[in-house]
Amino acid sequence: MISQLNIRVYNTLTRQKEPFQTIEPGKVGMYLCGPTVYAEAHIGHMVGPVIFDTIKRYLVYCGFEVTWVVNITDVDDKLIASSRKRGISMAQVATEMTMDYLANLQALGVTQIDYLPRATDNMDEIVRFIEELIAGGFAYANDGDVFFDVTRDAEYGKLSNRTADSQQGEGGGAAAKKRSSGDFALWKSAKPDEPSWPSPWGDGRPGWHIECSAMSRRILGKTFDIHGGGLDLVFPHHENELAQSRCCHGQPMVRYWMHNGLMRAGAAGKVGGKSDRDSAATDSTTDSATEADAAGKISRSKGAGGLHKLIEQQTGERIRFFLLRSQYRSTILFGDEGLEEAGQSLNAFYRLIGRFERLSGQAFYPRVNAAGEVEELAYAKTRSDGHALLAGVSDGLLEELSKLRASYLEKMDDDFNTGGAVSDLFEMSRAINRFIDQQHLEDTKRRTPAGLATLSIAMSVLRELGAIMGLFLKAPKKTGDDGASQTVDGLMKLLIELRAKARASKDFATSDAIRDGLAAVGITLQDLKEGTTWEKA
RNA sequence: GGCGUCGUAGCCAAGUGGCUAAGGCGGCGGAUUGCAAAUCCGCUAUUCCCCGGUUCGAAUCCGGGCGACGCCUCCA
């Protein structure tokens, strides 16, 4: 089964799509660079987790056993700065921000992570790693600091396509201790009052990149399959990680380097800005500088944030769908219009699901029935099961769905092209709605058991493919999941009954007044054959 | 300055050598409806930033230009 798959992955290292072949047949080791937890996460931090969560779901669906690691970097200069500013310990800052990060992941349906190792829990492994690098002649200690010697790595710069001597290197006091400016710190000696850990070179803390090399090795081994992160991490972070690990082990660190595109703030949001260097270098041609600030990269250092609020307003699934609408390597322009549009699209799926549940009496989402058991629409959890379900259908709706399913999978096989695959979901929705219309499944007198049976299978295919993207897994939050819901439901029922009576006696003035009044507060009524339903915008 | 990425309809967004250039949002027309909403059907880019070139054939490859953006410094 697995060997017949034709998955292709874009590899940053080779700058091309390559056939996906794992080191160990049937198994995938995947590492994604997580956050440095010094401040709250912003929307841009969610791009990688959402796409990699989807990649894992897809690989598992295809039959792989996947181990996914996301690191938490909880020791760093910015954490120290933040803890000083707030007068609390670095560990406390880290804990708070880690909780924040995890809550956001949860809200966006990122549930597939297997390990979330923290740098501070892996100090012994980090120190050991550095010792091995020194022993191998790839690193040197100088007055309490340890640096990686980039001149000892002939392949340094290959990932980001740079030459070692084109690097500017960080300035400051550390620069004087380096042999060459491109060398980077593996271990930084502690200044007074800084959090520190003991090491053979004195008390200190790890440099930025080493934790990923150490933790990925501990959990995934010396060479693993996929390493991901944002495009902005290619240099220096991944270049340095790669250099450390390759030199230390004498073997490649990863098979496929995957980088997601960065998010930019739309013109309306002023969370971004051009890089300082760029605007400084530009011979400030009059007014263009101020305009340039209107759209730009989203970054924490420029004050982006408010992710919880955004999730609350938009729902996690909306944001997730918004992110998955485009190919992961492209830049995503973040803005209200896009989110709104994603929401509109999603609503059409929700209506179809509601329609199905209403006319079939079956549960699509998991729900507890009267007997206290959880029931839900059964669906294929694996690619082979899904294939078997539709094998042999030769006409009608199911054949159409079978083709759309094949198209969807083909797009996912091609470097996880979720943006392309989404279109097949839309077409499925349209095909199923058309089927319901044509077979008169809304009409209790005209519908047939066979028609309903076909519908159930069709919906299970939608559920199968939605699940790959982490969509339609549970009922979307309705207006009424809070305390007010029962009251609202009761009021709505009453209004709908009154309106039905008015309509029965052709008193359309009254019925329309009710409908218009509700519309004014954002409630839309839908008159169906079996009664009236309502939905809140 | 060095290294990259991108430029497809009003907007979002697939496609990267050859069937009529996916799909979504929006808009318009129709079916349906008491009227709506929802749903379905049809229409909405003779053309893929511009100019050259390669080719029987290019949105897709090559060269040049224009424009947007990223990295080279902390960043998902």
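Q: In this predicted model, are arginine 405 and glutamate 464 buried or exposed?
A: The term buried is kept for a relative accessible area under 20%. In this predicted model, arginine 405 is buried, and glutamate 464 is buried as well.

Q: Which interaction do the side chains of arginine 405 and glutamate 464 make, and where in the chain do the two residues lie?
A: Side chains of opposite charge can pair when their charged atoms come close. Here arginine 405 and glutamate 464 meet in a salt bridge, with an N to O distance of 3.0 Å. Arginine 405 belongs to helix α13 (residues 396-413) and glutamate 464 to helix α15, so that the pair, 59 residues apart, links distant parts of the chain.

Q: Which residues are joined into one network by salt bridges that share partners?
A: Asp77, Lys188, Lys191, Glu194 and Arg205 are joined in this way.

Q: How many salt bridges does the count come to?
A: With a limit of 4 Å between a side-chain nitrogen of Lys or Arg and a carboxyl oxygen of Asp or Glu, the count comes to 40.

Q: Which parts of the chain does the pair of glutamate 155 and arginine 246 tie together?
A: The side chains of these two residues form a salt bridge at 3.8 Å, N to O. Glutamate 155 sits in the loop between β6 (145-148) and β7 (184-189), while arginine 246 sits in helix α6 (residues 234-249), and the pair therefore ties together parts that are 91 residues apart in sequence. As for accessibility, glutamate 155 is partly exposed because its relative accessible area is 36%, whereas arginine 246 counts as buried because its value is 14%.

Q: Where do aspartate 124 and arginine 128 lie?
A: Both are in helix α4 (residues 123-135), and their separation of 4 residues is about one turn of the helix. Arginine 128 counts as partly exposed because its relative accessibility is 37%.

Conventions: Residues numbered from 1 in each chain as written. Chains lettered and ligands numbered in written order. Predicted model: local features only at pLDDT ≥ 70, side-chain atom pairs only at ≥ 80, totals over all residues. Heavy atoms only, no water. Buried < 20%, exposed > 50% of the residue type's maximum accessible area, 1.4 Å probe, protein only.
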